[in-house]
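Trainee: I would like to learn how to read a ligand site and a metal site. Where do we begin?

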Amino acid sequence: MSGGPQIITLRRPDDWHLHLRDGAMLDTVLPYSADCFGRAIIMPNLVPPVTDTAMALAYRERITRALPEGASFQPLMTGYLTDQTDADEIERGYGSGVLAAMKLYPAGATTHSDAGVTDMGRVGGVLARMEKIGMPLLVHGEVVGDDVDVFDREAVFIERVLAPTLQSFAGLKVVLEHVTTAEGVAFVRDGAATIGATITAHHLMINRNALFAGGIRPHMYCLPVAKRERHRLALRQAATSGEACFFLGTDSAPHPASDKESACGCAGIFSAPAAIGLYAQVFEEEGAIEHLEAFASLNGPRFYGLPANEDTITLERRPWPVPERLAAGPDEIIPFAAGEDVAWRVVEE
Ligand code: DOR
Ligand code: ZN
């Protein structure tokens, strides 16, 4: 039993990085996010990717239709940046309120990133326009290529891609998504107020040993991959500091168990069912529960220029077990922390 508070009420949180997929998978996973979060930034890496305003609008409608009765969850759509993205088109999408941001996947960096950007030189015109209109660029911050060790991909991305990009477009709003390294944390903290970072619950909880605990653990595999313990500690310090540049983004990314438990298991950790409880647990462990609201509910909207949610949620310190598995059509999904106890739960209103 902890000596700290047993109940916390905070402004309703938002998830600034979420994969909802489509079709039956969307129906299965959406309620877990819509239950707790007011808004979420929806990743565009569908097959085919959501590359323009019309596709984003159609996807938003599919999400809205899949919402449980009475849910007030608001999906904030993103466009998938490609070598062919048209600056006028995305400016219209941003201006009309359909596109909240563009997502940069370096080609080949992660799941469904084949259509991503092959060379930053090809998107200079688009970045200049985004800088001018204040449209955020959300980056998957990893370089690709056999010359770079998997565990160094984020640090090398910062050095080779992100820092030079910000030199050319100093006013561009950038979110370093799912930051995983001490270098990433330092870069964001030392940067202008126009740079922020999302931090996942799983990167706050596991280091790279979790991938090999007693055997290979496909459900602990995501990209960017978890790093050494010193990086996890830097992430925990950053998230729980309350600093405005760090905010909640689960990167909850469901896959059928059969795709993960495979000779070539795919990347992605599905954390939505327990997300806010896991974050609360981390903040409590760090003695910083009073900063949870800044991280989960205030810093993100401020970065995006949106108001914080008006309503609140209440969390109670009453441990509950994360389900071992969830049915998803003919398949199943294994959630993060499956079968383990989470310290905090959302109290039903
Ligand atoms: O682990 C990941 N899964 N990282 C990504 O960048 C993509 C995501 C997915 O879509 O499954
Ligand atoms: Zn993601």
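Mentor: Begin with the classes in the shell: Ala, Val, Leu, Ile, Met, Phe, Trp, Tyr, Cys and Pro count as nonpolar, Asp, Glu, Lys and Arg as charged, and the others, Gly among them, as polar. Around ligand 1 the shell has four nonpolar, seven polar and one charged residues. This is a predicted model, in which local features need pLDDT of at least 70, side-chain atom pairs count only at pLDDT 80 or more, and totals for chains, interfaces and linings use all residues. Side-chain values use heavy atoms, without hydrogens and water, residues are numbered from 1 along each chain as its sequence is written, and chains are lettered from A and ligands numbered from 1 in the order in which they are written.

Trainee: Which residues surround ligand 1?

Mentor: A residue is near a molecule if one of its heavy atoms lies within 4 Å of it. The residues surrounding ligand 1 include H19, R21, N45, H140 and H255.

Trainee: Which side chain has an N or O atom 3.2 Å from an oxygen atom of ligand 1?

Mentor: A polar contact is a pair of N or O atoms within 3.5 Å. That side chain belongs to H140; for R21 the distance to an oxygen atom of ligand 1 is 2.8 Å, and for N45 it is 2.8 Å.

Trainee: Which residues coordinate the zinc ion (ligand 2)?

Mentor: Donors are N, O and S atoms within 2.8 Å of the metal (3.2 Å for Na, K and Ca); water is not among the atoms, so sites may look incomplete. The zinc ion (ligand 2) is coordinated by H17 (NE2), H19 (NE2) and D251 (OD), at 2.0 to 2.1 Å. In sequence these donor residues are spaced H-x1-H-x231-D.

Terms used. Polar contact = N/O pair within 3.5 Å; in protein donor to acceptor, adjacent residues only side chain to side chain.
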